[in-house]
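Q: I am new to this structure and would like to learn how to read it feature by feature. Could we go through it together, with the general idea given before each case?

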Amino acid sequence: MPLSRRTFLRGAGVAMSLPLLDAMVPAFRRLAFAAQTGTPRRMIAVQTNMGILSQHFFPTATGPEYELTPYLELVKNFRSKMTVFSGVSHPDVDGAHEAERSFLSAAPHPGGAGFKNSISLDQYAAELLGPVTRFPSFVLDVNAESTQGMAFSRSGVKVPAEKSPAKLYEKMFLQGKPTEVEARIADLGRGRSSLDFVSDDAKRLARTVGAADQARLDQYFSAVRDLERQLELAQEWERKPKPKPSAPAPTDISENKKLIDKIRLMLDVARLGFESDSTRVVSLFINTFSVVADLPGVKDETHSITHHGGRKEALDQLFIIESAQFKVLSEFLTNLNATLEGGDSLLDRTMVLYGAPMGNAASHDNKNLPMLLVGGGFKHAGHLEFDKKKNYPLPNLYLSMLQRMGLPVDKFATSTGTMRGLDFV
């Protein structure tokens with residue numbers, strides 16, 4: 001039976017009333033307490049969505065004594081603190097470019113018509129950490145289109161990304177006048193109060209619709225529960241004083257062609273987030289698809305030259321673009337390494353994951369992904385090589401990262417265990 005518009009609106013209003021599960025709250029608080037009393041551990045996951053030329057990235061030898069490739073040469077100062085992975089991928093994640101959505105979730109078949117994403121690594125870590133920092137996570141992007149992203153909530157809904165480093169800086173460090181703070185808290189209270197009406201109408205509505213609509217309602221109810229928790233935690237932090245910045249406010253860059261400058265700016269703000277302990281979880285999505293990067297020697301947009309067919313001119317341009325990204329990554333690692341916290345460098349307490357959703361962008365191959373992990377307090381193994389045809393599950397690395405955060409997790413997505421060959425310090 002079709003629903004009237006009045007019934008639909010009433011159902012939507014009732015659906016928004018579903019409260020956060022009471023059983024979840026004590027668990028979040030226990031985990032937050034454990035995180036506050038232990039050594040702070042952090043992670044940032046960076047995806048560059050158009051791949052990385054494997055011939056300039058993967059070493060030929062395994063273990064710690066491998067010969068540096070051109071891209072790894074650019075981060076050679078951190079050789080003892082990094083691990084290169086080859087022969088890894090997400091089981092059943094295909095779909096060529098669509099795989100970028102599953103980069104942190106490992107949700108299978110992202111190109112399929114009925115695809116529904118699952119929670120991403122960053123959001124899972126933020127959820128388990130609880131209210132240990134003012135911001136559970138920073139979801140950032142450079143040049144992403146509206147449908148692009150890699151951060152997804154437990155209900156499979158894409159988490160909106162912040163595109164403005166200036167706005168993020170303001171959120172972190174500008175307190176506002178007391179009247180503004182109280183107005184913000186009142187807004188949060190009003191937002192949460194709209195979720196406080198519990199009614200049997202929601203259950204009755206779910207029973208009257210078909211299976212497809214029931215699935216949509218379930219997803220909507222889950223998204224509402226995610227929002228409830230965010231609103232509750234936001235109120236707790238609003239009256240606490242914000243930290244003092246160690247750097248001046250950035251100025252946003254609007255031109256997409258200024259790709260490298262935009263990445264640098266985002267990473268600088270992410271570092272400030274870690275340094276001020278405003279957050280411990282960051283994801284950064286970098287879209288280079290239709291960009292003509294403002295770099296000497298680059299004249300074509302990135303996507304077209306990934307289908308290079310072996311043409312030297314196209315390969316040379318890709319090398320320029322990707323090298324520039326590795327140079328910015330090196331700058332970020334240098335800044336983290338130079339920042340001390342409790343006797344350790346910030347890099348030693350921060351896992352920096354860098355990689356791509358395609359092993360070969362020219363053929364749209366989603367196997368043998370180029371992946372690099374730096375810092376974070378691991379006994380780094382140099383080059384960990386796995387079977388190029390029968391890949392080792394990348395979610396095993398994600399599980400190791402979650403455990404390194406101190407989170408009591410024994411499985412993530414399609415993991416079969418922790419990453420073989422990678423131990424904690």
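Q: Which residue's side chain is joined to that of T48 by a polar contact?

A: The model we are reading is a predicted one, and in it the side chain of T48 is joined to the side chain of Q325 by a polar contact of 3.0 Å. T48 belongs to strand β1, which covers residues 42–48. Leaving aside its neighbours within four places in sequence, T48 is also in contact with other residues, including I286, T288, Y354 and P357.

Q: Is T48 buried or exposed?

A: T48 is buried, because its relative accessible area is 2%, and the cut-off for buried is under 20%. For the chain as a whole, 52% of the 425 residues count as buried.

Q: How many helices and strands are there in the chain?

A: The chain holds 12 helices and 13 strands. As for how contacts span the sequence, among those between residues at least 6 apart, 72% join residues at least 24 apart.

Q: Which residues touch the most other members of the largest nonpolar core?

A: They are I44, F57, L259, V352 and L372, in a core of 56 residues. Helix α11, residues 312–338, gives the most to this core, with 11 residues. Apart from this core lies another, of 39 residues, among them A125, L399, V409 and M419.

Q: With which residues is V352 in contact, leaving aside its neighbours within four places in sequence?

A: V352 is in contact with I44, L329, F332, L333, L336, L347, L372, L373 and V374. Two of these, I44 and L372, are themselves named with V352 among the residues that touch the most other members of the largest core.

Q: How should I read the packing of helix α4 and helix α12?

A: Two packed helices are described by the angle between their axes and by the distance between those axes. Here helix α4 (residues 121–129) and helix α12 (residues 395–404) pack at an angle of about 25 degrees, with their axes 11 Å apart. The two helices are therefore roughly parallel to each other, since angles under 35 degrees count as such. The crossing in which α4 passes α12 is right-handed.

Q: Which residues of α4 meet which residues of α12?

A: On the α4 side they are L121, Y124 and A125, and on the α12 side they are Y398, M401 and L402.

Q: How many residues of α4 are buried?

A: In α4, 9 of the 9 residues are buried, so this helix is largely enclosed by the rest of the structure.

Q: What is the phi of G130, which follows α4?

A: The phi of G130 is positive, near 75 degrees.

Q: Where are A106 and H364 found?

A: A106 is in the loop between β3 (88–89) and α4, and at 2% relative accessibility A106 counts as buried. H364 is in the loop between β8 (350–355) and β9 (371–375), and at 28% relative accessibility H364 counts as partly exposed.

Q: What does the side chain of N391 reach at 2.7 Å?

A: The side chain of N391 reaches the backbone nitrogen of N368 at that distance, while the backbone oxygen of K388 lies 3.0 Å from a polar atom of the N391 side chain. N391 is placed in the loop between β11 (382–385) and β12 (392–393), and with a relative accessible area of 18% N391 is buried. Beyond its neighbours within four places in sequence, N391 is in contact with G87, V88, S89, K367 and N368.

Methods:
Residues are numbered from 1 along each chain as its sequence is written. This is a predicted model: local features need pLDDT of at least 70, side-chain atom pairs count only at pLDDT 80 or more; totals for chains, interfaces and linings use all residues. Side-chain values use heavy atoms; hydrogens and water are left out. Helices (H or I, at least four residues) and strands (E, at least two) are DSSP runs, numbered from the N terminus. Buried means under 20% relative accessible area, exposed over 50%, partly exposed in between (1.4 Å probe, protein chains only). A polar contact is a pair of N or O atoms within 3.5 Å; within protein, one must be able to donate a hydrogen and the other to accept it, and residues adjacent in sequence count only if both atoms are side-chain atoms. Contact means heavy atoms within 4.5 Å. A nonpolar core is a set of buried Ala, Val, Leu, Ile, Met, Phe, Trp, Tyr and Cys residues joined through side-chain atoms within 4.5 Å. Axes are lines fitted to C-alpha atoms, for helices over the stretch in contact, and angles run from 0 to 180 degrees between N-to-C directions. Angles under 35 degrees count as roughly parallel, over 145 as roughly antiparallel, 65 to 115 as roughly perpendicular and the rest as oblique. A crossing is left-handed if the near helix is turned anticlockwise from the far one by less than a right angle, and right-handed if clockwise.
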